[in-house]
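Please examine the sequence and the structure shown here before reading on. The explanation after it is written to be followed with the coordinates open.

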Amino acid sequence: MTRHDNRRPLGRRSFLALAGGTVLSLAACSPQAGTLAGAEPSGALPSGKPAPGTELKIAARSTQLQLKPSGLGKELEFTVAEWPNLTAGPDVIQGFRAKSIDLATNAGIPPIQAHAIGLQAKIVAVQVRRNPLYTFATAPGSSLTKAEDFRGKKIAFSQGQAQGVVVLRALKEAGLKNSDAELVPLPSTQFLTALQSGQVDVAPLPEPTLTKYLDQYAKDGAGAVKTDVVDLLTVLWVPTEVLDDPEKTKAVRGFVSLWARGQVWAWENQDEWIDTYYVKDQGVSKEDGRRIVDSQRKPQFPVSWDEALAWEQETADLLAEGGFVPKQKASALFDRRFEGLAAEAVAAEYREES
């Protein structure tokens, strides 16, 4: 097999494997794959407090850490039965299938991935981020300085996560085809090991992971390649079967507000948030935490989801063009009964009007 063949875009089979291993691959092939949840949520969004005893299992680490210092935890009108500390999209999808997660926060890619394997789930809240969240870390001893240098290089690629689409967008903006680089299929949890061992030449890393990596390996020639590629969406999403329960839907509605307000609290109380999250939870220095926060922009919650839907469609199309997922309609990923609720929960300066 030629080197060019080795660098062909990964097919759908590889996508399903990356999406969570054998369990998800079997689910995709199962005749039950399309019946993992109930019918489309319909009717008006239920209002009022959820009934006593209503519980949700929520994978949203940042919000979990924000609730106590912000005082927002006192406003929870339901019981959080568990806070699974899972952030990677494939892990969350596994949790949805196992009914060990009812609600999670992720980038916009996992809902596309879930839809591709027949798992029905809906986006119920949207935050937009217009600054790049990922920087391309290079292996020790690398001479890469720009995305155009990625030609012929081995790039860590998790197509079921935001990092995967960041790679595709970066290649496209650099004027390169997917086949111009070798996309090495790995879950994002293995990116650091792959960089350290030389298994890959480059991998997209978020903060504070990037800072911790460079603190350790910059002396050995590791570096960072910045691009303008933006991963626009952070979302809250829920299995459709959870939304079939009116009381759980009320709880989800209440959490959307707390999620948005928690992001605002973190922005307005940066010193406390740096200490709570970056220093105590993530293990970086106070100085690095300050530098990371200073590179960010204030949280924004769109009143209209039109742009978010268009972004999801563009991303789904990009994945489909690469042969990673079947074509799909992004409108199926959103429960627009929740549209604008996050924006309504925050002050006007944190809202994006269309």
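The paragraphs below treat a helix, its packing and the aromatic pairs. The model is predicted.

Helix H14 covers residues 306-321. Its 16 residues reach 22 Å from the first C-alpha to the last, close to the 22 Å expected at 1.5 Å a residue. The buried residues of H14 are Ala308, Leu309, Trp311, Glu312, Thr315, Ala316, Leu318, Leu319 and Ala320. Their cover includes helix H6 (109-116), strand E4 (121-128), H7 and strand E10 (233-239).

Two packed helices are described by the angle between their axes and the distance between the axes. For helix H7 (residues 162-173) and H14, the axes come within 11 Å and cross at roughly 80°. H7 is therefore roughly perpendicular to H14, since angles of 65 to 115 degrees count as such. From H7, Val165, Leu168, Arg169 and Lys172 take part in the contact, and from H14, Trp311, Glu314, Thr315, Leu318 and Leu319. By type, the residues of this contact are five nonpolar, one polar and three charged.

Just after H14, Gly323 has a positive phi of about 80°. Phe324 lies in the loop between H14 and helix H15 (341-344).

Across the whole structure, a search finds ten aromatic pairs. In one of them, the ring centres of Phe157 and Phe324 are 5.4 Å apart and the planes stand at 50°, so the pair is tilted. Phe157 is buried, with a relative accessible area of 0%, and Phe324 is buried with a value of 0%. Elsewhere, ring pairs link Trp265, Trp273, Tyr277 and Tyr278 into a cluster.

How values were computed
Residues numbered from 1 in each chain as written. Predicted model: local features only at pLDDT ≥ 70, side-chain atom pairs only at ≥ 80, totals over all residues. Heavy atoms only, no water. Axes fitted to C-alpha atoms, helices over the stretch in contact; angles between N-to-C directions. Helix = DSSP H or I, 4+ residues; strand = E, 2+ residues; numbered from the N terminus. Parallel < 35°, antiparallel > 145°, perpendicular 65-115°, else oblique. Contact = heavy atoms within 4.5 Å. Nonpolar A, V, L, I, M, F, W, Y, C, P; charged D, E, K, R; others polar. Expected span 1.5 Å × (residues − 1). Buried < 20%, exposed > 50% of the residue type's maximum accessible area, 1.4 Å probe, protein only. Phe/Tyr/Trp six-rings, centres within 6.5 Å; stacked < 30°, edge-to-face > 60°.
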